[in-house]
Amino acid sequence: MSKTALKKQHWRSHVQDSFIPLLGSSGELGIAVGGGADYGEFPFVTSALGGGLTVGDIVLEIGGTPVLGMTLGDVRGVLNSCPHPIRIKTVSPGFTLCKDLRLYLSKCFTPGSVDSQLQQVIRENLYLRALPCTTRQPRDGEIAGVDYNFVSIEEFFSLEESGALLESGKFKGNYYGTPRPVHVSADSPPITYQEHRNLLRNFRTRSKSLSNLEKAAEDGDNSEEDSGEYQSKDKTQLLSF
């Protein structure tokens, strides 16, 4: 199959860019969303009234903010606080990009590809609400409950078997995992559109794919983290949905 044909089949070539309609004099949004990382899913459209939106489509961005990897409460928080008119990018679920968040994170993509970059963006959003866990011992300066949740091997396997981990892997004999984030509650209100942008400007990522950690060790890569800080504007430009 030619490269042109493969490109046409990729989900990126089917992204829909539209504006969310407002309903009547109340200004109610003509869309509802479900899913979310706290349910192990990508956010998706559950109700659409006009605007060319389709029920079941995966929501990629709201107002220029990537929302894959966010909890349902946070996706709704961004949606309800986003300045109008609200631009939204969606895509129909397919073989590569389906609603299953865990499945997508488990896949190995070519470094630098759109899917590889999207996995990194997903982890950025996950780490706003979920703290990675590991079976290794804390290093100097690391704080339990801040840098990682340090757990025993038995505790790690229990988390994995219960389905609490969205992603897991092994690196230099130690296990690492990304837990499913908890639901937004009264004690943990949803992130707003502006708060999300501010958080990611100063957010240091642990975005190396856990499923690729063993390969990284074989290649001589000893780093668990990307160097430098994540800039949400630059990342959005790189993805170019």
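The legends below describe close-up views of a predicted model.

**View 1. The whole chain, as context for the close-ups.** In this predicted model, the secondary structure comprises eight helices and 12 strands. The chain has 241 residues, of which 45% are buried, and it exposes about 12,100 Å², with carbon and sulfur atoms supplying 50% of that area. Among the contacts with a separation of 6 or more, 64% are between residues 24 or more positions apart.

**View 2. The cis peptide bond between H84 and P85.** The peptide bond that runs from H84 to P85 is cis, and its omega is near -5°. P85 itself is placed in the loop between α2 (72-81) and β8 (87-91). As background, most peptide bonds are trans.

**View 3. K172, a residue with positive phi.** The phi angle of K172 is near 50°, which is a positive value in a residue other than glycine. Most residues other than glycine have a negative phi. K172 belongs to the loop that lies between β11 (165-171) and β12 (174-179), and with a relative accessibility of 55% K172 counts as exposed.

**View 4. Helix α4 and its cover.** Helix α4 covers residues 114-126, and at 1.5 Å a residue its 13 residues should span 18 Å, a value that agrees with the 18 Å separating its end C-alpha atoms. The helix is mostly covered, since 13 of its 13 residues are buried.

**View 5. The salt bridge between R87 and D17.** The side chains of R87 and D17 meet in a salt bridge, with an N to O distance of 2.5 Å. Because R87 lies in strand β8 and D17 in strand β1 (residues 16-19), the pair ties together parts that are 70 residues apart in sequence. R87 is partly exposed at 42% relative accessibility, and D17 is likewise partly exposed, at 38%.

**View 6. The salt bridge between D74 and R129.** In this pair, the closest N and O atoms of D74 and R129 are 2.7 Å apart. D74 counts as buried, with a relative accessibility of 2%, while R129 is partly exposed, with a relative accessible area of 22%.

**View 7. The salt bridge between R136 and E142.** A search of the whole structure finds four salt bridges, and one of them joins the side chains of R136 and E142 at 2.9 Å, N to O. R136 counts as buried at 6% relative accessibility, whereas E142, at 22%, counts as partly exposed.

View 8. Elsewhere, ring pairs link Y148, F150, F171 and Y176 into a cluster. A further aromatic ring, that of F44, has the charged end of K99 sitting over it, 4.1 Å from the ring centre.

How values were computed: Residues are numbered from 1 along each chain as its sequence is written. This is a predicted model: local features need pLDDT of at least 70, side-chain atom pairs count only at pLDDT 80 or more; totals for chains, interfaces and linings use all residues. Side-chain values use heavy atoms; hydrogens and water are left out. Helices (H or I, at least four residues) and strands (E, at least two) are DSSP runs, numbered from the N terminus. Buried means under 20% relative accessible area, exposed over 50%, partly exposed in between (1.4 Å probe, protein chains only). The expected span of a helix is 1.5 Å times one less than its number of residues. Contact means heavy atoms within 4.5 Å. Accessible areas come from the Shrake-Rupley method with a 1.4 Å probe; for residues, only the protein chains shown count as cover. Rings of Phe, Tyr and Trp (its six-membered ring) pair if their centres lie within 6.5 Å; planes under 30 degrees apart count as stacked, over 60 as edge-to-face and the rest as tilted. A charge sits over a ring if NZ of Lys or CZ of Arg is within 6 Å of the ring centre and within 35 degrees of the ring normal.
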